[in-house]
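Here is a short walk through some packing details, written for someone who likes to know the cut-offs. Have the structure open alongside.

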Amino acid sequence: MKFGVVIFPGSNCDYDTYFVLKDVFDQETTFLWHKEHSLHDVDCVVLPGGFSYGDYLRSGAIAKFSPLMQEVKEFADKGGLVLGICNGFQVLLELELLPGAMTRNKNLKFLCQHVHLRTENTHTPFTNRARKGDVIKIPIAHFDGNYFVEPETLHTIKQNDQIIFRYSEPNGHLSERANVNGSMHNIAGLINTGGNVLGMMPHPERASEAILGSKDGRIIFESIIHWLR
Amino acid sequence: MIDKKLLKEHNLTEEEYHLIVELIGKEPNLTELGIFSLMWSEHCSYKSSKIHLKKLPVEGKDVIQGPGENAGIIDIGEGLAVVFKIESHNHPSFIEPYQGAATGVGGILRDIFTMGARPIAIMDSLRFGPLDKPKNRAIMDGVVAGIAGYGNSIGVPTVGGEVYFNDCYSLNPLVNVFCLGIAEKDKIFYAKAEGAGNPVLYVGSKTGRDGIHGATMASAEFGEDLEEKRPNVQVGDPFKEKLLLEACLEVMDQNLIVGIQDMGAAGLTCSTSEMASNSGSGIEINLDLVPQREEGMTPYEIMLSESQERMLIVAKKEKVADVQKVFAKWDLDAVIIGRVTDNGRLIVNAGGKTVVDIPVDPVVNLCPAYRRPSAVPAYLEPQSQLDPAPSIPEDFNKAMEKLLSSPTISDKEWVFRQYDHMVQTNTALLPGADASLLRIKNTNRALAVALDGNSLYAYLDPKAGGKIAVAEACRNLSCVGASPIGVTNCLNFGNPEKPEIMWQFQNVIEGITEACQAFNIPVTGGNVSFYNDTEGVSIHPTPVLGVVGRLDDVDKTTSPSFKQEGDILCLLGQNKNELGASEYLKYVHKQKRGLVPQIDLSTEKKVQELCIAAISQGLLSSAHDVSEGGLAVCLAECSFLSEQKIGFTVDLQDNIRVDALLFGESQSRICVSVRAENFEPLRKLAEEHALSLAVLGKTGGDRLVIHHKGKELLNIPVLHGYNIWKQNIPDAFRMN
């Protein structure tokens, strides 16, 4: 089993993600350079957080034109596992591997804090070790995490059970207060219809070691490893 | 052609001009004059401060690099070194808060990675005027967003810092940015231009007209023309800097270069002349080769531009192609613009002509140092008296509520959550703790950092203010279990040509020196920011000390928050009858006066050593230093920071004024909570350290309760106090 962490110019959670996969979970992990045309036979591609291309036009908008993204798209179309975290999620939206778009957080400020997520669907490669309704504590760090999608699509993704994580209170209650960035339907994580591409704004790699204040993010990596094994 | 008016525009005196003519053996042309005006500015030359800065202790067995380079370096073992520095960006942040603060972050980051270190943490010390003025809110909003915008994008966490408010910063905010990086000890790089014939490469952003005369701007007072200064502020591009960071670390890792220097204040002028001067060599460049963003730039403009995200590299001759390959990988230009010579001169060509030809040494090293006159400020004697003493409040609950709504004391989450403080996944303590704590991956170690500087203390007693700033920063480190290993300082003052400002400066330095000697920690560098005056009003003297500490076992630490009900509350150190210079006097009684708390450095050291020993033995549930707001605020903060908002009940026994007991800021005190079974071991440990241990009470309940000899002084619900403390700053910004 092999993981690949993509580096775009401006990626800044690439090493963090690599460290967790390689050193915390002891998995074979390699970096994938955005100018390349090969995924080097990885089993799971991770698009890490950061500010790819400075996020200058629109978060994730330029990264989608990287040569490597063509490969990632084909890989995803064939059912390969793709996890997009934060900026990686934004890139997946731009690539249209996932529906919807991100707008500025509702308070118009960058937000870096721990949030609680309620796990909505555990029948996925990314959450199969969790129980439905589990609440996990994971940090967010973004300016554009206010998820938006047109009502018809929202209806479809709800029907398809594509919503994986929702911002909640620590007890799992869904509230406006817990929905810190103002996302539609409290959506924090979303999967594609094929069930192999997950995008999430919170950073599981920042919640995989006790010293960082939470180990709740491990469930996502454990699920992927379990799935691929 | 060079007349008095031109000299004035360049902030040079006639005496300085005559000296320049003598040193270079000719009348300088305009570009050469511009070069001298930058390099001889206060900002670059330290001409008013260097005589005094020499007093600071700089030696230490682990010091790899002391003052004089881009940053200080200290050996931390296991083949690693910590590289750190603090720098001000006050003037630009007033003129254009967002870009001023953002480029402050960009500049200090370059200082760190120029030396071969990967930056792992940023911290900021910020000073603003009161938030009831819209202008102050606009400045703070912009500064915080600017720090966030740059640091978050480049992916270096802003892990903490401090924010103080005082009237004196209304027209003169302070933005001091600290950065810390880690380097492999055998891969440290310096600003060297060695090896005649080696190529000089320009890398990074193109040069524009931004920031021309930035360094001279930072060396003069602001008058009514400050709006005209706006074009002097540079604009930052954190994405470009991220690429530059990765590319520079890569060429260093592959050992392809001889030396490197960032182009910060004074741009191409400073980097060329300093690199040559450091190596006793010369540099010759051709400006036609410099990548330019605007058309028709004159040599004067190119040499003086402070465009951001640029570096100058001296490469090994045979490795130039490899260097260029790395930069191409990161989509950056790396252009050969000249070469190293051995003639000791800075030679600049443009359009087929030589436009600058001057010896390097006078530019970099021969600016006169001034011993400016100093005099005791007139305000000092009347204001340091506390006579008549203010009346003791009848309702301490009200006084406490008022104090919790002082923005200096209230919660700063509004600030910290705009910063990505977790990227790089080393942040072991979240902002709001006494010190920031960063684990070092693949080791068991951690580094702690605290920034500190109470300017009211320094205003009322500069020497004590300097001492306390060092002592408190070290105390903050001890509260997380770390011991200090090195210091960087940012000294913010008014116009040094005023004798009373010079007197403040000299005394602050003396205080810092005394404390650093007592703690046996070297000062490895820093920054002096003079001319913090607007329309004739000077800021309070504001020394900001950044102290780096080391923790050999990252698991042996604690935080300020109460952990469980029923813990015993103890005080390390002693309550004293001191009220002067307190936040309580300032905010509740509207009096900025009184005697600054006394500090005995040997007691201070003992208290800190006890705290560190107790933490390393795992005896403490929490530790928090007593500072602004005194004991009452210290205890309340431990409640507010606890996840379950655990209250406390204490009964104090000291025979002193009760408001001094609650809110006084006596030094050398740390409030700790311990599990019942750990109390006896702690008591014994205190005895071994020859310190008394006062039992104050217990944690528990949902109220903040303080008695004095059995009589209730203070009793408020934790959540009530918490809401005042928590909502104060967000509410201030809702007024817009």
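## Helices that cross

In chain B, B:R137, B:M140 and B:D141 of helix α8(B) meet B:I729, B:A732 and B:F733 of helix α26(B), where contact means heavy atoms within 4.5 Å. By class, the residues of this contact are four nonpolar, no polar and two charged. The classes go like this: Ala, Val, Leu, Ile, Met, Phe, Trp, Tyr, Cys and Pro count as nonpolar, Asp, Glu, Lys and Arg as charged, and the others, Gly among them, as polar.

A word on the basis: this is a predicted model, where local features need pLDDT of at least 70, side-chain atom pairs count only at pLDDT 80 or more, and totals for chains, interfaces and linings use all residues. Residues are numbered from 1 along each chain as its sequence is written, chains are lettered from A and ligands numbered from 1 in the order in which they are written, and side-chain values use heavy atoms, with hydrogens and water left out.

| Helix pair | Residues | Angle | Axes apart |
|---|---|---|---|
| α8(B) and α26(B) | 134–154 and 718–734 | about 110° | 10 Å |
| α3(B) and α11(B) | 30–39 and 267–279 | about 80° | 10 Å |

Axes are lines fitted to C-alpha atoms, for helices over the stretch in contact, and angles run from 0 to 180 degrees between N-to-C directions. Helices (H or I, at least four residues) and strands (E, at least two) are DSSP runs, numbered from the N terminus.

α8(B) and α26(B) come out roughly perpendicular to each other, and so do α3(B) and α11(B). What makes the contact between α3(B) and α11(B)? From α3(B) there are B:I35, B:L38 and B:M39, and from α11(B) B:T269, B:C270, B:S273 and B:E274. That contact has four nonpolar, two polar and one charged residues.

Back in α26(B), B:G721 is buried at 0% relative accessibility (buried means under 20% relative accessible area, exposed over 50%, partly exposed in between, with a 1.4 Å probe and protein chains only). B:G721 and B:L404 are 317 residues apart in sequence, yet 7.3 Å apart in space, C-alpha to C-alpha. Leaving aside neighbours within four places in sequence, B:G721 touches B:L404, B:F640 and B:I716.

## Rings

A:Y56 and B:F239 are edge-to-face, with ring centres 6.0 Å apart and planes at 85°. This pair joins two chains, because A:Y56 lies in the loop between β3 and α2 of chain A and B:F239 in helix α10 of chain B. A:Y56 is partly exposed at 46%, whereas B:F239 is buried at 13%.

A:F89 and A:Y147 are stacked, their centres 6.4 Å apart and their planes at 20°. A:F89 sits in helix α3 of chain A and A:Y147 in strand β8 of chain A, 58 residues apart. Both A:F89 and A:Y147 are buried.

Terms used:
Angles under 35 degrees count as roughly parallel, over 145 as roughly antiparallel, 65 to 115 as roughly perpendicular and the rest as oblique. Rings of Phe, Tyr and Trp (its six-membered ring) pair if their centres lie within 6.5 Å; planes under 30 degrees apart count as stacked, over 60 as edge-to-face and the rest as tilted.
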